[in-house]
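Good morning, and thank you for making time for this presentation. I would ask you to keep the sequence and the structure in view while I speak.

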Amino acid sequence: QNLYRDPSMIREVLSYAVLENYMDCPKSNFANVYINGTLRGLYSSAESIDDKFNTDHYYDHAGSFFKCNPIGGAGPGGGISPDLKYLGVDSSLYFNGYELKSTYGWNDLVSLTDILNNNTAQLETILDIDRAIWMLAFNNVLVNLDSYNGAFRQNYYLYKDLNQRFVPTVWDLNMSFNGFPGGTGSGAGGGSLDPLSNSTSNNHPLIKKILANPLYKRMYMAHIRTMVQEMIGGNWYLNQANTLRATIDAAVQADPFKFYTYTQYQNSLTTAVAGGGPGGGQSIPGIQTLMNERLAYFQTEQNYLYAAPSITSYTSSVLSPSFNQSFTLNATATNETALYLGYRTSHVLKFNRVQMFDDGNHGDGLAGDHTYGYTVTADGPVFEYYFYADNANAGLFSPQRAEHEFHTLSLNVPAPTSGQVQINEVMSDNDLTHEDPYGESNDWIELHNTTATALNLSGLYLSDNVNNPLKWVVPANSILLPNDYLIVWADNDTLQTTGLHTNFKLGSTGDFLSLSNGINVLDQVNVPALATDQAYARCPETGSIFDFALPTF
């Protein structure tokens, strides 16, 4: 972005710095841009929301994927708004409001709008509600109205993840902090923007339907409170703003084409620019002045001031459960009428949200003592969880940034000994067999747990060099379930974060491969030259003999 309509020159980078505390979003920074060696000026830079971004954060690349911006441009004369209204079963009715970024997906989008508008009780089956609520809360607190919350209902992405739910991702924040002249679509923005703005707007069905659900509304207000208290009340945004300003000050002075004077930039935290600068429109407020107004407004706003519950303590009956062990989680609260547990046993899965018990029959102590219990089973490679306490007016999460942040229990899973985990199958010239999570055809190594016990591979080593057996270390939290298989991509791409990716590739003309714990070799194999899409595998799987084979990925 060329920092248009932003005398502070930090709106986009600062907004993403706030947002990344609460949901997955692009990384953002600054760049001095040169054309043919001549300085053009200071720009903000944001990570593309593309297949790599989706795989990094949502764990694959093949889901339905939409950029939610009108094809013809926003505003009068543009396409339809990507407002998630249900337009009917004919997918062509949606073409002008959404840009399809995947090879298919229109029917999925139609289903989302249908369920949102006509069968809202099923909304959590097709939409990541928590991330949608964080998006709406963020847009409101920071008065980011060139967004779904504003007049044009745009500037976000939707990706259908491994859990078959659409996940929203916020995009285009250069007009955050009330720099957008179009307002909310049903009123102006500004320091006194109502957190329930557009809650009755038929043009904003996502807001209307979520805030019509009492539980979702209280969760939304809980997220609002967290963001206001942490970002504004604690001056986090202001400290970050001053750090950014110190970083770019010299670049701003040197920018030959900036839209505003250096004096306007210096005063941009506290002084509004009348007329909005280039393009006209409403004046652009000082960021600090606006946030002071927001804080003062929320301190008088009834939905914000409702007394939320407190979660005073939480415990687990087993601090480090073994695989498949059942245990009870407890939480104690005050001023609550209900307490919920969200948990998952794999990091890529959605959280299951269940209501906990205070009846004296679920490991919760005495009935009605405000200590709640729920029994769960550690039947996956991790155990991640959070609590949500609720009453008739307000709610509270623990941790308060849930579901983006969560509590974790370390599982008691033993490391393997020799023979328990084997190199089971290898492919050194993969073309058509299987793609990695990023859609690439790379070499792969298959490990096999030969036991009926979960095993912790964290800290083991794979290597293709007999003289350097510690070449690549298996990352933390790499649990191989009983009798299960694990694919490791030998692609020399350690910057990819979804799946396991080594710092070496295999040679198609032959190679060596070892698995060790740093002291003892657990398994090794000399891999011969392999043809394209040919595997070298144990035959049978638990035996000691390798042979050429068709791949059984």
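Predicted model: local features only at pLDDT ≥ 70, side-chain atom pairs only at ≥ 80, totals over all residues.

F383 is buried, since its relative accessible area is 0%. F383 belongs to strand β12. Leaving aside residues up to four places away in sequence, F383 touches F327, L329, Y343, R344, T345, V376, T377, H407, T408, L409 and L411. One of these contacts, T408, is 25 residues from F383 in sequence, yet the C-alpha atoms of F383 and T408 are 5.9 Å apart in space.

Strand β12, which covers residues 383–390, brings us to the largest pocket. Two or more lining residues come from each of β12, β14 (407–409), β20 (479–480), β21 (485–490) and β22 (500–501). Of the elements, β21 gives the most, with four residues. By class, the lining holds 21 nonpolar, 14 polar and five charged residues.

The second largest pocket has a volume of about 360 Å³. Its lining has 23 residues, with D24, Y59, R131, R344 and E403 nearest the centre. You will recall R344 as one of the residues that F383 touches. The largest share, three residues, is from α2. Which classes of residue make up this second lining? There are nine nonpolar, four polar and 10 charged residues.

I turn now to the interior. In soluble globular proteins, nonpolar side chains tend to be buried together. In this model, the largest nonpolar core has 87 residues, and the members that touch the most others are L84, Y98, L109, L206, Y220 and I224. Helix α6, residues 214–233, supplies the largest share of this core, with 11 residues.

With residues up to four places away in sequence left out, Y220 touches I133, L136, A137, N140, P195, L196 and L211. H223 is found in helix α6. Is H223 buried or exposed? H223 counts as buried, because its relative accessibility is 0%. Under the same exclusion of residues up to four places away, its contacts are D130, I133, W134, A137, F397, Q400 and A402.

The search of the whole structure finds four cavities of 30 Å³ or more. The largest cavity contains about 50 Å³ of space. Y220 is part of its lining, together with N140, L145, N149, T184, L193, P195, S197, N198 and I207. The lining of this cavity divides into five nonpolar and five polar residues, with no charged ones.

Finally, I come to a sheet. Four strands form an open sheet in the order β4-β3-β5-β6, with antiparallel pairing. Strands β4 (99–100) and β6 stand at the edges with a single partner strand each, so one side of each has no neighbour in the sheet.

Within the sheet, strand β3, residues 65–68, pairs with β5 in the antiparallel sense over four bridges. F65 stands opposite Y159 in β5. Strand β5, residues 156–160, pairs in turn with β6 over five bridges, again in the antiparallel sense. K160 has F166 in β6 as its bridge partner. β5 and β6 form a hairpin with five residues between them, and Q164 in the turn has a positive phi of about 60°.

Why is β6 described as largely enclosed by the rest of the structure? The reason is that five of the five residues of this strand, residues 166–170, are buried. In a regular strand the side chains alternate between the two faces of the sheet. For β6, F166, P168 and V170 lie on one side and V167 and T169 on the other, and all are buried, which leaves both faces covered. β6 thus stands at an edge of its sheet, while the rest of the structure largely encloses the strand.

Thank you for your attention; I welcome your questions.

Technical notes. Residues numbered from 1 in each chain as written. Heavy atoms only, no water. Nonpolar A, V, L, I, M, F, W, Y, C, P; charged D, E, K, R; others polar. 1 Å grid on protein atoms, 1.4 Å probe; cavity = no way out; pocket = protein on both sides within 12 Å on 5 of 7 lines; lining within 4 Å. Points joined across faces, edges and corners; volume = space filled by probe spheres on them. Core = buried A, V, L, I, M, F, W, Y, C linked by side-chain atoms within 4.5 Å. Buried < 20%, exposed > 50% of the residue type's maximum accessible area, 1.4 Å probe, protein only. Contact = heavy atoms within 4.5 Å. Pairing = 2+ DSSP bridges.
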